[in-house]
Amino acid sequence: MENRAIFSGKLLAFLLVAPQLAISLIFFYWPAAQAVWQSFLVQDAFGLSTQFVWFENYADLLRTPEYYQAIGVTFVFSALVVVFSLAIGLLLAVMANRNIRGVQIYRTFLIIPYAVAPAVASVLFIFMFQPGLGMIARELQRSGIDWNPVLNGTQAMILVVIVAVWNQISYNFLFFLAGLQSIPKSVIEAAAIDGARPMRRFWTIIFPLLSPTTFFLIVINITYVFFNTLGIIDTATGGGPNGATQTLVYKVFQDGKAGVDLGGSAAQSVILMVIVVALTAFQFRYVEKKVHY
Amino acid sequence: MANVALRNVRKAYPNGFEAIKGVTFEVGDGQFCVLVGPSGCGKSTLLRTIAGLETVTSGEIDIGGRVVNQIEPADRDIAMVFQNYALYPHMSVYNNMAYGLRNRRMEKKEIDTRVQEAARILELAALLDRKPGQLSGGQRQRVAMGRAIVRQPKVFLFDEPLSNLDAKLRIAMRVEIRKLQRRLNTTSIYVTHDQLEAMTLADILVVMNGGQVEQIGNPLDIYEKPATTFVAAFIGAPPMNLIALRDADIALPGIGSEAGILGIRPEDLHMTSGVNGAVPDGGIALDLTVETIERVGAETYVYGLRSDQNGTAAVSAKPGELPPGEILVRIPGQSGPAIGERIRAAAAREKLHLFSADGRKRIALS
Amino acid sequence: MVEHRRFGNLLAHLVLLTGVLVVAFPVYLAVIASTHDNSVIANGQMPLYPGTHGLETYWHAIVAGSSKTTHQPVGAMMMTSLVMALGIAFGKIAISIISAYAIVFFAFPFRMTAFWTIFITLMLPVEVRIYPTYKITSDLSMLDSYAGLILPLIASATATLLFRQFFMTVPKELVEASKIDGAGPIRFFFDTLLPLSVTNIAALFVILFIYGWNQYLWPLLITTRDDMQTIVIGIKKIIDVHDALTEWSVAMATAVLAMLPPVAVVVLMQRLFVKGLIETEK
């Protein structure tokens, strides 16, 4: 960081950073440290004594089938959301990038999902997909599909994926649009003169030049699925049926509610912390460098 | 046969603005045509309509005998060099040049031959594996040209390709472009706002202003006989002196009443010996008080104020306009008058240019 | 470009229109549902056009709440949400801007340490530390309080990074001229820096307000009292009653009300919103 130091009031400076540092320490670092510490402990059945057990909690986790299931669920959920939500966002951005009338209106509508809370979005879709009551649910029944996400794990996953994709369209759309607009028009024109038809231009020129944006959005979407879908899952499926929609974060939430295995819950949190660090590090090292708007 | 013909081409935008107001001219096979004019005159727009990047409201564009108005840029058999080069940033130099050929499903070997040949001509052989981001401005420019050359198109289109280069490089590249074009003998249309570039490169010069063609012809013909005051002031540097006759007290025998503006190039004015020096037969003499002197080594520019100036009306020809009543005289060498000195500058009759009062018509001087 | 312009534009309109329909349909449906009587909805007979019960349902929801679950009127829940959202937005902006100010414009020991300390919090979203943070909040007696709702969420690094980035583009000469004019650091901040930052602050405000309003996990955990429920949590409780008994008309009305402020903010301040979104992610 360059040296722009111009004011010398040290006391004032400390006072200025103090609030944020204080809150960071109290509400971020201290809990995080506690989680790490607790992940190395085991409480006895009565909660009276604790024992330091090194990595036993982690080992236990890795022996629990439910944990692997949660990993699988999170992985599948992420993959589906990334693929669909990026594809749809990109398609809409490409269309909106042409100089057509009314682009502003389209854009206004398309950014609405971002403002809707994931939990509220979930409620909107539950209303449509509720077996027996929801409009779409009834159509599905009518065309012979036995739609019941309460009993069918795959259908439950489909439901939450739809909600998550809907919620994320705006974000991807906006960033892809910005990315498209940062490609110089003359490069596209040169490609046109060079004999590339629209589809070929898209795949050989536009898409490669969008790759920084694409990578960035992949990381963001994965982060969204990991951490922001709790509201969706909690309202729509409660993690079920049988853990079919229980992501890693949701598992921490549910296990913690039961309040029985603090050590295990803490270990899960720590593993999640490691994942976040990895994602953030990846984002900053490989993606941030190339993204310019 | 790769000539380019424009017949009454017009381009108007939905909001009513007419960027091109009816342009007609023809460029013969193998000729180098330069479109020159100030910013906003429509020359780039015209080039882009020839390329197919912009639509035409009316009129016809003809390449090699074929009307191409409805034909895609890719199928017009043209190649274009952009002002900012527009290289594909994610591809190597080799692939930048090969891209167009690959799109046309050319055989790999043929592509390689062409790319290597172009690289050789443009001295890019050592750079083939680099990406545009690793090249200097001049190198990028050459890659842009290489991309155009390998296509072996009917027409080259250049959109101010040298504007982003520094002065020295610009001069060197100018020469290279001309040599290349002569060698390949491809019809070329080149857009620039720099009249010097225009003069040195063109076989045919098209001077444009406000969406219209002011004059078309051989550069030297245009220089010797500009058709309007705009062309007179735009072509040639330093610009021609233009004097509004009704504001001046100049004795000029044998001109009609429709003559409004008199033009004399700075290099055609000669200092007479003394203030009462002889005036050439049928020519004119201007009595000036020297205001400023600029010595550039090879020549000297003398700025003088006319003592016969009646009004202060400026002649309307914007490029390089001198303040009203000021005359520029160009003297070879380093000698010259002193500031404040009164001198007489005379010009021979055959070096005078006469225009109508609105500057739009050239009037012959007998 | 010359090619296929009309066809391409037609296709674009088609695709965009479809996109808008898909995006707007759930919202539209909710609005429609909130204007019909609940029995019509429960029977699966709800039409696609608005009904006549709108005013009644909304009034009922805002003033009385859903009688079967939380007795909290939606109007009150909206107030809670509003206080929380505004608190988070203003709180984040306030502490971030002064931190960024200190880090960029002052020389003090451990400056870089402070910066990294703040930066690393980016990697600790509330979801990875929920229970320990809950415990601390509880220990500080901040459960069921606005302080508890707001404070643990406001130390995010994104706002600080944004301000830092922006401050680094402020020309040094501006500060020097200010100093010559006799202004100390505080005067400089209020008279010069703050006015310059207004657009950034506004853009951030939009993003942070939405973030705060839409919070789910944290309020769910730390508030149990009826009068501290936010509207986003309230919705869940309304539909939590098993299907047949859910008052869908009220639920949808609540959903619409829950969406209204953030959507309004985003739509009305679109340009700022987009700017804020893109700036915070760089």
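Chain A contains 14 helices and 2 strands. The structure is a predicted model. The C-alpha trace of chain A extends over about 75 × 75 × 30 Å along its principal axes. Chain A has 293 residues, of which 48% are classed as buried. Among contacts in chain A with a separation of 6 or more, 71% are made by residues 24 or more positions apart.

The largest nonpolar core comprises 170 residues, and the members touching the most others are A:V120, A:F127, C:I235 and C:A255. Helix α4 of chain C, spanning residues 74-105, supplies the largest share of this core, with 17 residues. For A:V120, once neighbours within four places in sequence are set aside, the contacts are C:V232, C:I235, C:A255, C:A258 and C:M259. Another core, of 103 residues, lies apart from the largest one and includes B:V4, B:V23, B:Y88 and B:L242. In soluble globular proteins, nonpolar side chains tend to be buried together.

In chain B, an open sheet is formed by 6 strands, with mixed pairing and the order β6-β7-β8-β3-β9-β10. Its edges are β6 (78-81) and β10 (212-217) of chain B, each of which pairs on one side only. Strand β3 (residues 32-36) of chain B runs parallel to strand β9 (residues 204-209) of chain B, and 4 bridges join the two. In this pair, B:V36 is positioned opposite B:V207 of β9(B). Strands of a sheet pair through backbone hydrogen bonds, in either a parallel or an antiparallel manner.

Notes
Residues numbered from 1 in each chain as written. Chains lettered and ligands numbered in written order. Predicted model: local features only at pLDDT ≥ 70, side-chain atom pairs only at ≥ 80, totals over all residues. Pairing = 2+ DSSP bridges. Core = buried A, V, L, I, M, F, W, Y, C linked by C-beta atoms within 7 Å. Buried ≥ 20, exposed ≤ 12 C-beta atoms within 10 Å, placed from the backbone. Contact = placed C-beta atoms within 7 Å.
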